[in-house]
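Hi there,

Here is the structure I promised to pass on to you.

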Amino acid sequence: MTPALALKLLIRFNRLSACAGRILLSSGIVALALFQAAALGGPAPVRRQTPAPVAAPQAVERLTLAYLGQLAEAAAVRPYFEPVVADRGVQGARLGLVDDNTTGRFTRQEFALAETRLAPGDDAEAAFKRLVADGRRFILVDLKPEVLRRLAALPQAHDVLLLDVSSRDDALRGGDCASNVLHLLPSRAMRADALSQYLAKKKWTRWFLAVGPAPEDRLFADALKRSAKRFGMKIVAEKTWTHSFDDRKTPESEVPVFTQGSDYDLVLVADEAGSFGDILSYRTWLPRPVAGTQGLVPSAWHHTLEAWGAIQLQNRFRQQAGRWMTEADYGAWLAVRAIGEAATRTRSLEFEAIRSYLLSDGFALAGFKGVPLSFRRWDGQLRQPVLLVQERSLVAVAPVEGFAHPKNELDSLGYDEPETSCRAKP
Amino acid sequence: MPSHDRRLIGAALVLLCGVAAADTVYVTLEKDDAIAVIDGATGIRTRTARIGKRPRGIALAKDGKNLYVAASDSDAIQVIDAGTLNVTGTLPAGKDPETFAMDPDDRFLYVSNEDDGRVTVIDIAARKAVKEIPVGIEPEGIAVSPDGRWVVSTSETTNMAHWIDRAKLEVVDNTLVDPRPRAATFTADSRQLWVSSEIAGTVTVIDTETRQPLKTISFKIAGVTPEKVQPVGIRIDPARRYAYVALGPANRVAVVDAQKLEVKDYLLVGQRVWNLEFSPDFGRLYTTNGLSNDVSIIDLASHKVTKSVAVGSHPWGVAVRP
């Protein structure tokens, strides 16, 4: 299927995917009925046992979360061998829902998900207002930063929590931050710092910075420069890659010229759309590795991660979705699990109880990356390890050993409390 | 008293009590697809034998003849002759078995199947799975109460201890514990269940009679950030005087006063310490250290680490034969 066809097929649709939850719940009720029978009719125990405390059959409480996603216009033509993912994010949310409902069948809490997926050009603001009017207050969003910024500032968003499952924008977490938004995936600054820590350990400190033409490329280049300063790196050259539409230019002729003129340890590339970064490796003037948006890539989640039980999540996701888990899927899974975890611990489905627990000291989310994850109170960012990966190999996980922090080593990545420019704390 | 003298007295006590008995320590090597054998008294590795793929959980039959090893990537529990280390058979363990627990009467094995959220009950003699019990997502820790009444399974993503009535093989109660529960262990009198939570960095002590938590124990180590404290394996001595908790990447074993439920000490061992086992006389504790590829031996009279034994790649589980 071509990407264009996939987009056409993705006409906006709303859907309530609580069926999985219902199936689990009904089996939960059967199980609960059995609990009592078994507890009373068991064999003569060695010591006197009190019956299992399941006698009070409370009503099941229900919380419906919302998912609002909008596909971006494809910036570059994807290579034919790259599978088209038309349901990124939402599949992660659905898996999180199954996980929440498994705990919920023991705690008498049920979760559902109202899905709204928009095509490019659809009115996200209207869709958002509809969700709020329907009573949705936890809203997962997979939206462009400028759209998210606009929605968060609406009066309708006042008593709502937006869970940003896909952006990496530093401004959304800094000067443009909003008190009603939490960010599940690492910012560009966190990704750049993760790379820097590893490159500092390798003593690959002299960088050639290759920046693409898109505004996002400039943002990642800025994050790399901030990080270079923080970790004592030297940017010996910085060049902007331009797309000239000149047929005479080939990667073989262009890349060596582009990378000629200075000596450096490696090429740092900022090309988020993937329009030129992949052609740099093995074509540079000097034999140098490539890192950044291509080559060695900092990532929140990747199919090479197996440790810390991650293989379980990879397998469960693949079984459900028939493909690998993308970063946005991981972000959405984390968002749904965070709400589920808060609901379990507070024994409540009330908005304020869950919201304040998410930001409390007690909140610890198991995200299959070896350490507990939690939200930074100064900007709503989920603190987490960042993977450094190539297609078939997990190279390192940041924070890299040796980069200490007085409070939490995860805060050695990205904007720490004293550095934040966020003034609207969640 | 100089520590030298204290050691002498300790040694004298050990001799008096006749507890310096030899024992054999078996350690599964997750990345070597092998099992290493250590002489417990001398701390010398005597043998290493290839077994199934990605061996993790390990237990010894009551008669000491057979070892059972969960070979996760072979999707089986292998039966291994403890003397020859030959694989003599396999038990149908379901997909990706990791940990399991033995029956008090050696009849059944209870296996956590992480991939499909089930506990599989295996009849050892018949070499047959007799029941599958649905539990939470990613069941991990599993324990059978010594009185034989309960089988408890902990699920890592559901964050619960599921109480399975052993006579009925049904879940009859659930206790919510801290995030990512790993190991579960009963006290010798079956009155308490201890559950470690890797992500929360805590151990929850649960009263068996009410299935309600009595206390949550946390660990604070000077110079170690809280995120590194990830409790996994637990061993409690039969008199419930001390409990020992492996703290994962904190590279320490916590010594807990098991009456007051307070931490007494932290013993520095190898890197990413995961599982623990007593020597048969309770004079020593063996730890598997997954990242430093060794086993630490702790003398329990003095609470001192006396030796570290290089064993091979990624030591995971440990069982001890008298």
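Predicted model: local features only at pLDDT ≥ 70, side-chain atom pairs only at ≥ 80, totals over all residues.

Residues are numbered from 1 along each chain as its sequence is written, chains are lettered from A and ligands numbered from 1 in the order in which they are written, and side-chain values use heavy atoms, with hydrogens and water left out.

Chain A overall

Chain A has 12 helices and 16 strands; helices (H or I, at least four residues) and strands (E, at least two) are DSSP runs, numbered from the N terminus. Of the 426 residues in chain A, 54% are buried. Buried stands for under 20% relative accessible area, exposed for over 50%, and partly exposed for what lies in between, using a 1.4 Å probe and protein chains only. Take the contacts (heavy atoms within 4.5 Å) in chain A between residues at least 6 apart in sequence: 70% of them join residues at least 24 apart.

Two helix pairs

Helix α3 (residues 90-107) and helix α10 (residues 310-321) of chain A pack at about 115°, and their axes are 10 Å apart. Axes are lines fitted to C-alpha atoms, for helices over the stretch in contact, and angles run from 0 to 180 degrees between N-to-C directions. The angle makes α3(A) roughly perpendicular to α10(A). On the scale used, under 35 degrees is roughly parallel, over 145 roughly antiparallel, 65 to 115 roughly perpendicular and the rest oblique. From α3(A), residues including A:Arg94, A:Leu95 and A:Asp99 meet a set in α10(A) that includes A:Arg316 and A:Phe317. By class, this contact of α3(A) with α10(A) has 4 nonpolar, 3 polar and 3 charged residues. Here Ala, Val, Leu, Ile, Met, Phe, Trp, Tyr, Cys and Pro count as nonpolar, Asp, Glu, Lys and Arg as charged, and the others, Gly among them, as polar.

Helix α7 (residues 188-202) and helix α8 (residues 215-230) of chain A cross at roughly 50°, their axes coming within 8 Å. These two helices, α7(A) and α8(A), are therefore oblique to each other. The residues of the contact of α7(A) with α8(A) divide into 8 nonpolar, 2 polar and 6 charged.

A link to chain B

A:Asn408, in the segment after β16 (393-398) of chain A, is buried at 8% relative accessible area. Leaving aside residues up to four places away in sequence, A:Asn408 touches A:Arg383 and B:Glu227. With B:Glu227, the side chain of A:Asn408 makes a polar contact of 3.1 Å; that term covers a pair of N or O atoms within 3.5 Å where, within protein, one must be able to donate a hydrogen and the other to accept it, and residues adjacent in sequence count only if both atoms are side-chain atoms.

Backbone points to look at

Most residues other than glycine have a negative phi, and most peptide bonds are trans. A cis peptide bond joins A:Ala398 and A:Pro399, with omega about 5°. In chain B, B:Arg54 is not a glycine, yet has a positive phi of about 55°; B:Arg54 sits in the loop between β3 (44-50) and β4 (55-60) and is partly exposed at 24%. B:Arg127 has a positive phi of about 50°, lies in the loop between β10 (118-123) and β11 (128-134), and is partly exposed at 37%.

Best wishes
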